[in-house]
Amino acid sequence: MKGKFIVLEGPDRCGKSTQAKMLYNQLVARGKDVILTREPGGTPTAERIRQIVLEPGLDVRPLAELLLYEASRAQHTQEKILPALEEGKIVLCERYTMSTCAYQGYGRGIPLETIDTLNQIATHGNRPDLTLVFLMSDKYFTQRGEYLFSDRLEQEDLAFRQKMRKGYLDMIERTPNAYLIDADKNISDIQSRVLELLKEHQIID
C-alpha cells in the first residue's frame, strides 16, 4: 500500500473521537491528503449496519453481532479504506479489528481464532501501520457519559468493560506498532503523545 493506515482504538467515551478529529486537522494543516472514517460505519451501507448493531433494546445475539460487524468491515474496507490507501492517502479510522477482538472476543467470549479468521477475510489482510489504544479509568466512563445517549454496547456492565479492557491490554502486547495512550490525561497532553508517535513512525516530520 502507498498510504498509511492509522487506527484509533479503545472503549466507549475514552476520547478517541476527539483525538481523531484533532489529528485529522493537524495532518491537513501539514498538507497531508487524509480521510477520517469509523467503524462500524464509514460508508452508506456500513452505516446502515451500524444502526442495527448499536440500537438499544434490539436483541442481537453474540454471533450475529460479530457477523454484522464483519459485514460492515468488509464493505468499509473494500469501498473506502483500500482505495484510499492505494491512492497514497493517510486513513484515520476510529476502531478496526482490535475492537472486535476486545468486545466480541474478550467481552462476549467468542473464540479469538474465529474472530481472527473473519477479520482476515473482511479486511483482505489489511493491517494498520499504527494503532493507538486509548484506555481510561472506569470512573470516567460514567462521568463522561452522564449527558450522552447510550447505545447498546455502552449499556453493558462493569464486568464486561473490565474484560474488554483486559483484551485491549493483551493485544497491545502482541500487536506490532500498537501503543497504549493514557486517556486519563488532559486533551493537549494526549494530542502531544499522538503526534510524537506519528513522528517516530515517520508519518509526519
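Residues are numbered from 1 along each chain as its sequence is written. In this predicted model, local features need pLDDT of at least 70 and side-chain atom pairs count only at pLDDT 80 or more, while totals for chains, interfaces and linings use all residues, and side-chain values use heavy atoms, with hydrogens and water left out.

**Exercise 1.** Describe how helix 2 packs against helix 3.

*Solution.* Begin with the elements: helices (H or I, at least four residues) and strands (E, at least two) are DSSP runs numbered from the N terminus. Helix 2 covers residues 44-54 and helix 3 covers residues 62-86, and the two pack at an angle of about 160 degrees with their axes 9 Å apart. Axes here are lines fitted to C-alpha atoms, for helices over the stretch in contact, and angles run from 0 to 180 degrees between N-to-C directions. Angles under 35 degrees count as roughly parallel, over 145 as roughly antiparallel, 65 to 115 as roughly perpendicular and the rest as oblique, and helix 2 and helix 3 are therefore roughly antiparallel to each other. Next comes the handedness, where a crossing is left-handed if the near helix is turned anticlockwise from the far one by less than a right angle, and right-handed if clockwise; helix 2 passes helix 3 in a left-handed crossing. The contact (heavy atoms within 4.5 Å) includes Ile49, Ile52 and Val53 of helix 2, and Leu68, Tyr69 and His76 of helix 3. Its residues divide into nine nonpolar, four polar and two charged, where Ala, Val, Leu, Ile, Met, Phe, Trp, Tyr, Cys and Pro count as nonpolar, Asp, Glu, Lys and Arg as charged, and the others, Gly among them, as polar.

**Exercise 2.** Work out the arrangement of helix 1 and helix 8.

*Solution.* Helix 1 (residues 16-29) and helix 8 (residues 187-200) pack at about 55 degrees, and their axes are 10 Å apart. The two helices are therefore oblique to each other, and their crossing is right-handed. Among the residues that meet are Met22 and Leu23 in helix 1, and Ile190 and Val194 in helix 8. This contact holds eight nonpolar residues, four polar and no charged.

**Exercise 3.** Relate helix 4 and helix 5 to the second largest pocket.

*Solution.* First take the helices, whose axes come within 10 Å and cross at roughly 150 degrees. That makes helix 4 roughly antiparallel to helix 5, and the crossing is right-handed.

Then turn to the pocket, for which Thr97, Cys101 and Asp116 are among the residues nearest the centre, in a lining of 19 residues. Helix 4 (97-107), helix 5 (112-123), helix 7 (158-174) and strand 1 (4-9) each supply at least two lining residues, and helix 5 gives the most, with five. The lining divides into seven nonpolar, eight polar and four charged residues.

**Exercise 4.** Locate Pro40 and His124, and describe the backbone at each.

*Solution.* Pro40 is found in the loop between strand 2 (34-38) and helix 2, and the peptide bond from Glu39 to Pro40 is cis, with omega near -10 degrees. His124 lies in the loop between helix 5 and strand 4 (130-135); although His124 is not a glycine, it has a positive phi of about 55 degrees.

Technical notes: On a 1 Å grid over the protein atoms alone, a cavity is a set of points where a 1.4 Å probe fits but cannot get out, and a pocket is an open set with protein on both sides within 12 Å along at least five of seven lines; lining residues have an atom within 4 Å of a point.
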